[in-house]
Amino acid sequence: MKDKTGSIDETKDRRAEEDKAGLLRLMGFQHGTSRTQLISDGSVVYAEALWDHVTMDDQELGFKAGDVIVVVDATNKEWWWGRIMDSEGWFPASFVRLRVNQDEPMDDYLTHLEDAQAGEENREGLGVFLGPGLPCKEQMRTNVINEIMNTERDYIKHLKDICEGYVKQCRKRTDMFTEEQLCTIFGNIDEIYRFQKKFLKGLEKNFNKEQPHLSEIGCCFLEHQTDFQIYSEYCNNHPNACIQLTKLVKVNKYVFFFEACRLLQKMIDISLDGFLLTPVQKICKYPLQLAELLKYTNPQHRDYTDVEDALNAMKNVARLINERKRRLENIDKIAQWQSSIEDWEGEDVLSRSSDLIFSGELSKLSHPHAKSQQRMFFLFDHQMVYCKKDLLRRDMLYYKGRMDMDCMIVIDVEDGKEKDFNINVKNALKLRTLAGDEIHLLCSKKPEQKQRWLRAFADERIQVKHDCETGFSLTEVQKKQAMLNARKSHPAGKPKAVTRPYYDFLMRQKHPSLPTALPQQQVFMLAEPKRKTSTFWHNIGRLTPFKK
């Protein structure tokens, strides 16, 4: 009789082989066929990009998330050789996933169908495109449904391994980990695990085991679309988790401890940071899976509308997570900006705001002194700060005041006589408090600038409302840490002006390039294949390059 350990190992090996065979079957390949064999046999193997691959190396293949790549050589497990249109080159295998349905085009199937209708002799050729009694599109829908269900089950096991294999064991070792360290490393992965178990239960309930193509799973995504927003906290925390882990594994006892946790839980040979990347990858995979499911769902199918709505919902979740990540990345820049302002008074910008919406120079008139003053205005969510330029050093700003946008009404003023100030104005707009006890008249040099400011004020209100609906806010820890970092970068006794080198640094951050030596798996994209570019760099860039 075999020992227990040997039996477990054999079971794991057999399960791994079954998983591999299942994946190949999903893609329409026979068991025992490897990627390399398929390519060498002349089969066309397609892969879909999960993330952007940006490269300056002419030997590498650059692509955008969502691009389809023809895999030419997959002998190396880390770097594959592929082709997009007329371009060929190496690309990191971890940046793509093999397509579920390799026989993507429908043209050949339709041709065979016409031939089959013409004569029974072509039935054998048609069999390539048909499952057992299923048309091609329904068979492909079955493939996609099965992939969604299998990957979801695997994901639950993966989360269970992390929570029971790592989190549970780490909490027992109070001599090695503080509660703060554990929160940084694992984030809210326990919460994600609980949610995903509930989500899988709903999927299983709506999964038709006998006829998977009849399954109606779109409603499950719609029912839980707001619950998926918990991934925002995890994704935003993930870079901090990587930094914390990097520090810990420099000490051997942590390396041995993490390896012992992995072996005890019988997990595959991947480091902890690799396991912790999975939830980040998972949330950006849902829109891809739903897009593929929609592609193979007939408009007459009962699940079509729900799948279509679910795809849009998951895209919105991805956009929301991406936007929150951008906002959190920007708070350090806002804190540094505030530290560069001379004579600052009152509370920090971050106490109420987290995003710079627009900035520019305007002429300002306010009661009781109706004297025109040139000021630099910076519109954040909830408030607008205005500053004065130094007469000699035009790159230095002095704090002069702020306006509470939650209490302001924006009024478009026609050119001509303005009744409150009794003066002729051009390209003007007015800010008035709800109580009417405070009025500010702002004038721009050009009508285009005025219109841009009016749009900015409207955008600010929309963003405030959206943040309120989605529950976005900065924690006190995030605010304090950002201001602490900013003060360190502006020590006492040194000039506080926002200098040109700092502006250049900001501009370099707009186009980060990935290293070419190894695939950088930590870089990820959560939204649609083409990311909407941030306007933050444009806005904050306007406040720095004031030329003498």
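In which helix does Val307 lie? Val307 belongs to helix α12, which covers residues 304–340; helices are DSSP runs of H or I with at least four residues, strands are runs of E with at least two, and both are numbered from the N terminus. The model is predicted, so local features need pLDDT of at least 70 and side-chain atom pairs count only at pLDDT 80 or more, whereas totals for chains, interfaces and linings use all residues. Residues are numbered from 1 along each chain as its sequence is written, and side-chain values use heavy atoms, with hydrogens and water left out.

Val307 has a relative accessible area of 0% and is therefore buried (under 20%, with exposed meaning over 50% and partly exposed in between, for a 1.4 Å probe and protein chains only). Leaving aside residues up to four places away in sequence, Val307 touches Arg141, Gly218, Leu290, Leu293 and Leu294, where contact means heavy atoms within 4.5 Å. The C-alpha atom of Val307 is 9.5 Å from that of Cys220, although 87 residues separate the two along the chain.

Another part of the model is the packing of helix α5 (residues 136–172) with helix α7 (residues 189–206), at an angle of about 155 degrees and with the axes 10 Å apart. Axes are lines fitted to C-alpha atoms, for helices over the stretch in contact, and angles run from 0 to 180 degrees between N-to-C directions. The angle therefore makes α5 roughly antiparallel to α7 (over 145 degrees; under 35 is roughly parallel, 65 to 115 roughly perpendicular and the rest oblique). The residues in contact include Met149, Tyr155 and Arg171 of α5 and Ile189, Phe199 and Glu204 of α7. By class, the contact comprises 13 nonpolar, 1 polar and 7 charged residues; Ala, Val, Leu, Ile, Met, Phe, Trp, Tyr, Cys and Pro count as nonpolar, Asp, Glu, Lys and Arg as charged, and the others, Gly among them, as polar.

The strands remain to be described. An open sheet of 5 strands has the order β4-β3-β2-β1-β5 with antiparallel pairing; two strands pair if DSSP finds at least two bridges between them. Its edge strands, β4 (87–92) and β5 (96–98), each pair on one side only. On average, neighbouring strands are turned by 45 degrees against each other, direction ignored.

Strand β3 (residues 79–84) is joined to β4 by 6 bridges. Across this pairing, Trp81 stands opposite Trp90, and Gly82 opposite Gly89. The two strands form a hairpin with 2 residues between them, and Met85 in the turn has a positive phi of about 55 degrees.
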